[in-house]
Amino acid sequence: MKPLTVALDILQGDECTYGALLPTLTSLMSKTLALKDDLSRMTASLPDVIVKAIKTRFDAVLDSQEGLLAAATCPKFKLRWLRDERRREHVKELLTTECRKDAPATDNANVSQLPASPAEMDFLILRTSPQKASQQKKNAPVERLFSLGGLVLSPKRNRLSDRRFEKLLLMRYNHCFTPKENKKT
């Protein structure tokens with residue numbers, strides 16, 4: 001179940017974008033199937049069941065044009081996560097068509113690349129591995145949300161309704177995402 005837990009950590013991270021979904025799911029399926037040889041006879045079919053469930057759940061996303069373009073335009077992944085040469089060429093054609101359709105000539109000097117954590121890069125199967133960044137231990141956003149929940153639901157506020165608690169928690173958590181200009185006022 002380790003590939004599944006790593007994929008969940010990646011997908012629930014603060015810096016996770018739609019472009020990370022397909023590379024993460026692809027890596028999850030291949031890593032899960034790779035575990036098949038190490039399992040006992042009783043659990044040997046488990047990887048197939050997990051991969052089938054992922055394909056069923058994300059059927060609309062796995063072959064969607066938007067998902068493929070989002071992953072291909074994400075600087076962290078580009079086309080390195082695609083193993084099949086035909087699929088890589090298909091995504092290149094999609095990207096070329098989309099760029100010609102919508103984009104005038106632009107300067108891409110201000111494009112920033114999100115650094116990937118070493119754990120992400122170890123999990124994701126990419127053709128060329130980028131330089132490893134210093135490893136930082138990050139708490140999952142869910143853990144931070146629970147921590148803030150403890151601050152909102154104090155002994156003096158023990159009679160909050162569920163709806164009021166949710167509103168207060170979201171207001172407190174979303175405060176982290178407001179622009180700095182708005183925080184001064």
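Leucine 39 is found in the loop between α2 (21-34) and α3 (46-57), where helices are DSSP runs of H or I with at least four residues and strands are runs of E with at least two, numbered from the N terminus. The model is predicted, so that local features need pLDDT of at least 70 and side-chain atom pairs count only at pLDDT 80 or more, whereas totals for chains, interfaces and linings use all residues. Residues are numbered from 1 along each chain as its sequence is written, and side-chain values use heavy atoms, with hydrogens and water left out.

Leucine 39 is partly exposed, at 33% relative accessibility; the class lies between buried (under 20% relative accessible area) and exposed (over 50%), with a 1.4 Å probe and protein chains only. Together with Met1, Leu46 and Val49, Leu39 forms a nonpolar surface patch with about 360 Å² of accessible area. Patches are made of residues with over 30% relative accessible area and no salt bridge, nonpolar side chains (Val, Leu, Ile, Met, Phe, Trp, Tyr) being joined within 5 Å and like charges within 9 Å. A salt bridge places a side-chain nitrogen of Lys or Arg within 4 Å of a carboxyl oxygen of Asp or Glu.

Arginine 80 is located in the loop between α5 (65-73) and α6 (85-102). With a relative accessible area of 15%, arginine 80 is buried. The side chain of arginine 80 reaches the backbone oxygen of lysine 76 at 2.2 Å.

The secondary structure of the chain consists of 10 helices and 0 strands. Of the 185 residues in the chain, 28% are buried.

How values were computed: Polar contact = N/O pair within 3.5 Å; in protein donor to acceptor, adjacent residues only side chain to side chain. Areas by Shrake-Rupley, 256 points an atom, 1.4 Å probe, with all protein chains shown as cover.
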